[in-house]
Amino acid sequence: MNGEKAWYVLHTYSGYENKVKENIELRKDSMDMNENIFRVMVPEEEVTEMKDGVKKTKSKKKFPGYVLVEMVMSDEAWFVVRNTPGVTGFVGSHGAGSKPSSLLEEEVAVLLGDKAAPKPVVDLEVEIGDRVEIIDGAFSGLAGVIEEIDQDQQRLKVVIEMFGRETVTELEFYQVKAEEI
């Protein structure tokens with residue numbers, strides 16, 4: 001036991017993440033583990049979808065089948081969490097009773113939204129007026145003409161044709177590739 005609280009990843013049955021979170025919170029209270037088990041999270045993100053021509057925003061689990069728990073890795077806390085109904089194990093545990101590895105501080109910062117995940121830096125050799133093919137995102141497979149380029153932010157505005165009319169969309173460099181001539 002290292003005595004320091006850290007974040008660990010639990011593997012659960014997919015679809016039972018919220019139930020596992022609820023069970024851990026109930027067990028930590030009923031088994032007097034508030035000094036060893038702190039926060040339990042099911043990371044979610046807002047996703048906007050077009051359905052029947054209507055934009056709908058809903059929450060979606062970032063990591064289906066996984067739950068994050070902040071705890072002190074004591075024998076008692078480890079026993080309580082791993083024996084919670086729905087928990088199939090800890091990520092980073094090698095079995096045979098070995099304790100799992102905690103997440104790194106950088107990983108936790110990204111997961112908790114304290115820090116943005118590093119975006120890939122892309123060297124895109126294009127100019128305004130060039131055609132690009134969209135290779136990632138909602139408009140994947142379409143092509144368009146570059147209207148504006150922001151090298152610092154690695155973003156560009158591309159004019160694409162949808163439903164017989166021109167539409168401007170903002171994209172990141174990694175979402176496009178220069179169209180072959």
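Phenylalanine 90 is buried in this predicted model, because its relative accessible area is 10% and the cut-off for buried is under 20%.

**The ring pairs**

The whole structure holds two aromatic pairs. In one of them, phenylalanine 90 meets tyrosine 8. Their ring centres are 6.3 Å apart and their planes stand at 85°, so this pair is edge-to-face. Tyrosine 8 belongs to strand E1 and phenylalanine 90 to strand E6, so the pair ties together parts 82 residues apart in sequence. Tyrosine 8 is buried too, at 3% relative accessibility.

The other pair joins tyrosine 13 and tyrosine 16. Here the centres are 6.4 Å apart and the planes meet at 75°, so this pair is also edge-to-face. Tyrosine 16 is partly exposed, with a relative accessible area of 48%.

**The cores**

In soluble globular proteins, nonpolar side chains tend to be buried together. What does the largest nonpolar core look like here? It has 19 residues, and Leu10, Ile37, Met71 and Phe90 touch the most other members. Strands E1, E2, E5 and E6 each supply at least two residues, as do helices H1 and H2. H2 gives the largest share, four residues.

Leucine 10 shows how the chain comes together. Beyond its neighbours within four places in sequence, leucine 10 is in contact with residues including Ile24, Val69, Val81 and Phe90. A second, separate core has 11 residues, among them Val132, Ile134, Leu156 and Phe173.

**The salt bridges**

The structure has seven salt bridges.

Lysine 99 sits in the loop between E6 and H3, while aspartate 75 is in helix H2, 24 residues apart. Lysine 99 is partly exposed, at 31% relative accessibility. Glutamate 170 lies in strand E10 and arginine 155 in strand E9, 15 residues apart. Glutamate 170 is partly exposed at 46%, and arginine 155 is partly exposed at 26%. Arg155 and Glu170 also join Glu172 in a network of salt bridges.

**A patch on the surface**

Which residues form a nonpolar patch on the surface? They are Phe63, Tyr66 and Val91, with about 240 Å² of accessible area together. Valine 91 lies in the loop between strand E6 and helix H3. At 38% relative accessibility, valine 91 is partly exposed.

How values were computed:
Residues numbered from 1 in each chain as written. Predicted model: local features only at pLDDT ≥ 70, side-chain atom pairs only at ≥ 80, totals over all residues. Heavy atoms only, no water. Patch = residues over 30% accessible without salt bridge, like charges linked within 9 Å, V, L, I, M, F, W, Y side chains within 5 Å. Areas by Shrake-Rupley, 256 points an atom, 1.4 Å probe, with all protein chains shown as cover. Salt bridge = Lys/Arg side-chain N within 4 Å of Asp/Glu carboxyl O. Buried < 20%, exposed > 50% of the residue type's maximum accessible area, 1.4 Å probe, protein only. Core = buried A, V, L, I, M, F, W, Y, C linked by side-chain atoms within 4.5 Å. Contact = heavy atoms within 4.5 Å. Phe/Tyr/Trp six-rings, centres within 6.5 Å; stacked < 30°, edge-to-face > 60°.
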